[in-house]
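Here are a few notes to read with the model open beside you. Take them one at a time and find each spot as you go.

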Amino acid sequence: MTGQLSDAADRISASASRRGALKLLGGAGGAAALGSLLSACASATGTKSGGGVGNFPSTPGWKFVFVNHVTTNSFFIPTRTALADASKLLGLPTPQWTGSETGTVSEMVSAFDNAINSGAAGIAIPLTDNNAFIEPTKSALAKGIPVVAYNATAPGNYPLAYVGQDLYQSGLLMGQRIAQTVTSGTILVGIAQPGANNLQPRLDGLTAALKQAAPAVVIKSINTGAEQAGELNAMTAAYAGQPDAAGLYAVDAGSTASIAQLISSKNIAGKVHAGGFDTLSDTIKGVASGALDFTIDQSAYMQGFLSVLYLYLYRVSGTLLAPPQTDTGLTFVTKGNVAAYNTGSAYEGQQGHNLGTMPSSIPLPQPSTVQI
């Protein structure tokens with residue numbers, strides 16, 4: 001167990017230093033929370049009947065519930081792996097995974113309500129809609145059920161914290177990168193659910209960046225749909241109608257993987273610029289082959305692991321360890337660093353918790369902008 005904890009601690013530390021991942025609420029509360037858990041668990045020999053994990057007190061078998069907007073989407077494989085890993089580490093049952101397969105908000109609200117009514121110990125949910133989840137969140141908190149947002153958050157709602165990427169910023173940086181290679185013409189940008197809080201901010205950021213850095217670029221957004229099976233057809237049809245497109249891009253995992261498949265099948269790698277988000281297997285193959293210029297990693301694993309960790313710490317401390325707002329970061333994956341993503345590691349959605357290979361030296365991250 002010590003080895004697993006050391007590996008987890010290394011990944012959390014590396015993410016924080018490389019990406020500035022933790023933005024704390026209430027001073028150093030988040031850092032203290034992580035430090036308390038990792039130091040306490042380091043001496044653990046496993047959960048014993050009637051006792052708590054590590055140096056923590058005995059707890060009930062708290063059952064957390066993850067409500068999701070696309071429950072069968074392969075992007076969330078590492079998230080689901082992570083929530084199971086974190087729960088095992090803490091001696092808890094694996095959280096329930098529920099919600100909607102197709103991004104249907106009413107189905108998510110129903111799953112949210114069911115979690116509240118069943119007495120969930122904590123709830124994690126992507127706030128993909130600005131209004132629909134406000135009352136359920138208030139209801140959960142009123143019943144003593146902590147709620148954290150992961151993958152997407154919403155203004156005007158009341159989660160204790162958000163665990164996920166800064167979505168608008170990721171789109172902004174993506175647009176700036178596109179402007180380095182595409183300065184005019186039309187680009188097609190796939191988006192699985194236009195208007196959804198987990199995707200629309202990226203498209204908005206991309207649009208703002210290109211308006212400033214490459215105003216001659218025309219952006220044509222393509223609604224590819226929430227179901228992965230239809231995204232390739234949508235992007236293929238869009239490209240057939242715009243064969244002179246200067247670039248093919250996407251702001252979601254499935255659409256990005258579809259672009260990689262499309263470029264490979266038509267043998268147009270190097271003839272059209274392309275890129276997108278996340279680390280599905282077809283996407284990583286596309287980066288490695290040159291079909292994609294880049295993809296953006298937002299650490300889907302950390303979104304599941306930290307959500308469980310934060311709910312646990314909040315409950316075990318009686319609310320004293322309030323969860324911090326956590327930016328899970330942004331890493332551009334290119335030919336230069338894609339090899340690290342081809343390890344078959346569960347941390348990026350593949351099979352097996354393989355031990356990562358540390359490089360002989362670590363590149364300097366961006367200088368910290370945090371002021372203490």
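How close do the axes of α9 and α10 come, and at what angle do they cross? Keep that in mind for point 3.

1. Ground rules. This is a predicted model, in which local features need pLDDT of at least 70 and side-chain atom pairs count only at pLDDT 80 or more, while totals for chains, interfaces and linings use all residues. Residues are numbered from 1 along each chain as its sequence is written, and side-chain values use heavy atoms, with hydrogens and water left out.

2. The overall picture. The protein has 11 helices and 13 strands (DSSP runs numbered from the N terminus: H or I, at least four residues, for helices, and E, at least two, for strands). Of its 372 residues, 51% count as buried, meaning under 20% relative accessible area with a 1.4 Å probe, protein chains only.

3. The α9 and α10 pair. Back to the opening question: the two axes come within 8 Å and cross at roughly 45° (axes are lines fitted to C-alpha atoms over the stretch in contact, and angles run from 0 to 180 degrees between N-to-C directions). That makes α9 oblique to α10, the word for angles that are not under 35 degrees (roughly parallel), over 145 (roughly antiparallel) or 65 to 115 (roughly perpendicular). Where do they touch? Ala253, Thr256, Ala257, Ala260 and Gln261 in α9 meet Asp282, Thr283 and Gly286 in α10, with contact meaning heavy atoms within 4.5 Å.

4. One side of α10. Which residues of α10 are buried? In this helix, residues 281-289, they are Thr283, Ile284, Gly286 and Val287. They cover an arc of only 155° around the axis, which puts them on the same side of α10; the arc is taken from the directions from the helix axis to the C-beta atoms. Those residues pack against α9 (253-266), β11 (294-297) and β13 (331-333). Just after α10, look for Gly290, with a positive phi of about 95°.

5. A buried serine. Ser345 sits in the segment after β13 and counts as buried because its relative accessibility is 10%. Its side chain reaches the backbone nitrogen of Tyr347 at 3.1 Å. Leaving aside neighbours within four places in sequence, Ser345 is in contact with Gln350, Gln351, Gly352 and Asn354.

6. A buried loop alanine. Ala179 lies in the loop between α6 (167-178) and β7 (185-191). Why does Ala179 count as buried? Because its relative accessibility is 13%. Leaving aside neighbours within four places in sequence, Ala179 is in contact with Leu210, Ala213 and Ala214.

Conventions. Buried means under 20% relative accessible area, exposed over 50%, partly exposed in between (1.4 Å probe, protein chains only). A polar contact is a pair of N or O atoms within 3.5 Å; within protein, one must be able to donate a hydrogen and the other to accept it, and residues adjacent in sequence count only if both atoms are side-chain atoms.
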